[in-house]
Amino acid sequence: MATLFQGVGAVTPFSASSSLDSNKLLLPSRKSLSISDSRGSIFVYRSDALNLKAATRKQDLLIPNAVATKGETSTSAKSGHELLLFEALREGLEEEMERDPRVCVMGEDVGHYGGSYKVTKGLAEKYGDLRVLDTPIAENSFTGMGIGAAMTGLRPIVEGMNMGFLLLAFNQISNNCGMLHYTSGGQFTIPIVIRGPGGVGRQLGAEHSQRLESYFQSIPGIQMVACSTPYNAKGLMKAAIRSENPVILFEHVLLYNLKERIPDEEYVLSLEEAEMVRPGEHVTILTYSRMRYHVMQAAKTLVNKGYDPEVIDIRSLKPFDLYTIGCSVKKTHRVLIVEECMRTGGIGASLTAAITENFHDYLDAPIVCLSSQDVPTPYAGTLEEWTVVQPAQIVSAVEQLCQ
Amino acid sequence: MLFGKKFRTQLPQAVGAAYSLKIDGKSACAVTYCGDGGTSEGDFHAGLNFAAVMDAPVIFICRNNGWAISTPVEEQFRSDGVVVKGQAYGIWSIRVDGNDALAVYSAVHTAREIAIKEKRPVLIEALTYRVGHHSTSDDSTKYRPIDEIEYWKMERNPVNRFKRWVERNGWWSDHNESELRSSVRKQLMQAIQVAEKAQKPPLSDLFNDVYDRLPSNLEEQERILREIVKKHPEDYPSDVPL
């Protein structure tokens, strides 16, 4: 584990790009909205009447923060507060712990140590050792423990120090987390959140550079989301905690130090929505997590070359937001998927199939998917860089796709 | 010998290695290492149980240094250390002062004899103290007192202890020490210089050894990568041979 924590404290190249545009247009999801104010200033989400199970849950009326569209002047341009992605996760976590005494955290070194990536820093001091629980090193055990706690009324957040370690908990995640609601005939709900950093870091070695979203995507009964900015990290964390279903929240080792200004008001994002990062006309580029930044870097080059790419951060890995994706495909007729997963059996592979099945008639060209190679991530830094899709490749792919 | 890994997967593997030595009738045993934290993992228990049932000639050496990152042993387990865990599985186990080089040598030597002659596993719990931080990203002064660290580093230093014993026997002197230190330093600097000049691993290393032979999908991925690097040489490191 010696090389595990190189992400901590390291300034990633992306932290300088606080040119992260917070003025993103959030497309309303047809699944969760019954009323939508389509003028784009305030989105009001109401849950379906069918979901009003527990009378104790008063928070059916969620008001995500107003997000200004481009060109709209905000009266308080400097409102909100700046923070790093790991702090945004912590803020979301803390707000939920404050709101609901059943929310608790468990994992290795999450207590007084504050977590390997500082996501739980200060929480043990505030909420005590029992609500922020340090566990022995046994992933299958503490995941199982989380599931048991969830079944009997708590809302645990299980932290895997690295997503790769959760392979030890695969049995618990698949057979219990995913299936217990079904196999118990709906009697048990598992409102658990399993989160942790994954992805290729800086020379963390093959076993600590895995993309577990590939392996978990088939498990029935779970939801998977991937955060990529402080804004969506906090929103997705809160949404995941409030969800009655088990949610796996994928963070990325290299994104924890991203800085962004986020709203002061409370907001919760939808777990099933994709995020429109950059609207465009020529090609739809679908991506998530760290690759979003490689795509945006490539987008700068592409714009200079006269292209107009539409970039969507899919965020929801299971299920896919086929509504947003479909609207985009119908507009641009060309799709490029950029992912960090391996070519075989990754998220990109599933997404390609889903788009082909649903929107085949709207495609002018075959879908192109840029992924990592089917090799264990090398330790050698130079080789490791070659397993990750680079902006230059993205530019080439778009140029070829748009010929 | 199998190297330590995070999940203690090496423990059942060591049992497998021991099993194969046994089948081959070799006069040898397997040895595997883990830490105090590692004894919480499932594979530790599976490995020990299997070793006992299979009568596998394997030595389990557990370095109990008191810490698993920030987790002290009291929060790792409530048993009397690790030695009782071995006993629980029916394995002969011994606890040793891990900072006493001679004691450790003696214990391991005997354990090896037992493992080979009697074809059975042995567990050695070596007690010690982790003086350093867990890793380069850790600052352990955040969760333990500095004077505690200093105490173990200075007064209970195992290397100094052994050194004093060697010196008392007349086999070593301060002069030998300074000579060795400077010559080793020279060797190291030279080795670093040589290593820095060494060629970086070539592109083909990315795909070799995934399987015994390169399958067609990896061949294709290698070809694609070569094309990309050729097309955008400025975006890829220039000191890596293609």
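How much area do chain A and chain B bury between them? In this predicted model, in which local features need pLDDT of at least 70, side-chain atom pairs count only at pLDDT 80 or more, and totals for chains, interfaces and linings use all residues, residues are numbered from 1 along each chain as its sequence is written. Chains are lettered from A in the order in which they are written, and side-chain values use heavy atoms, with hydrogens and water left out. Chain A and chain B bury about 3,300 Å² between them, 63% of it on carbon and sulfur atoms; buried area is the accessible area (1.4 Å probe) that two parts lose on being put together, summed over both.

**The interface**

- In chain A, the residues that lose the most area to chain B are Y113(A), I137(A) and W386(A), which together account for 23% of what that side buries.
- Chain A brings 36 residues to the contact and chain B brings 41 residues, where contact means heavy atoms within 4.5 Å.
- The rule finds 10 residue pairs in polar contact across this interface, both at pLDDT 80 or more; a polar contact is a pair of N or O atoms within 3.5 Å, and within protein one must be able to donate a hydrogen and the other to accept it, while residues adjacent in sequence count only if both atoms are side-chain atoms.
- On the side of chain A that touches chain B, α11 (381-387) and α12 (391-401) each supply at least two residues, and α11(A) gives the most, with 5 residues; helices (H or I, at least four residues) and strands (E, at least two) are DSSP runs, numbered from the N terminus.

**The sheet in chain B**

- Four strands of chain B form an open sheet in the order β1-β2-β6-β5, with parallel pairing, and two strands pair if DSSP finds at least two bridges between them.
- The edge strands are β1 (30-35) and β5 (92-97) of chain B, each of which pairs on one side only.
- Strand β2 (residues 58-64) of chain B runs parallel to β1(B) and is joined to it by 6 bridges, and V31(B) stands opposite I59(B) in β2(B).

**The sheet in chain A**

- An open sheet of 5 strands in chain A has the order β11-β13-β12-β15-β16, and its pairing is mixed.
- At its edges stand β11 (275-278) and β16 (368-372) of chain A, each with a single partner strand, so one side of each is left without a neighbour in the sheet.
- Strand β13 (residues 309-313) of chain A runs antiparallel to β11(A), with 3 bridges joining them, and D313(A) is the bridge partner of E275(A).
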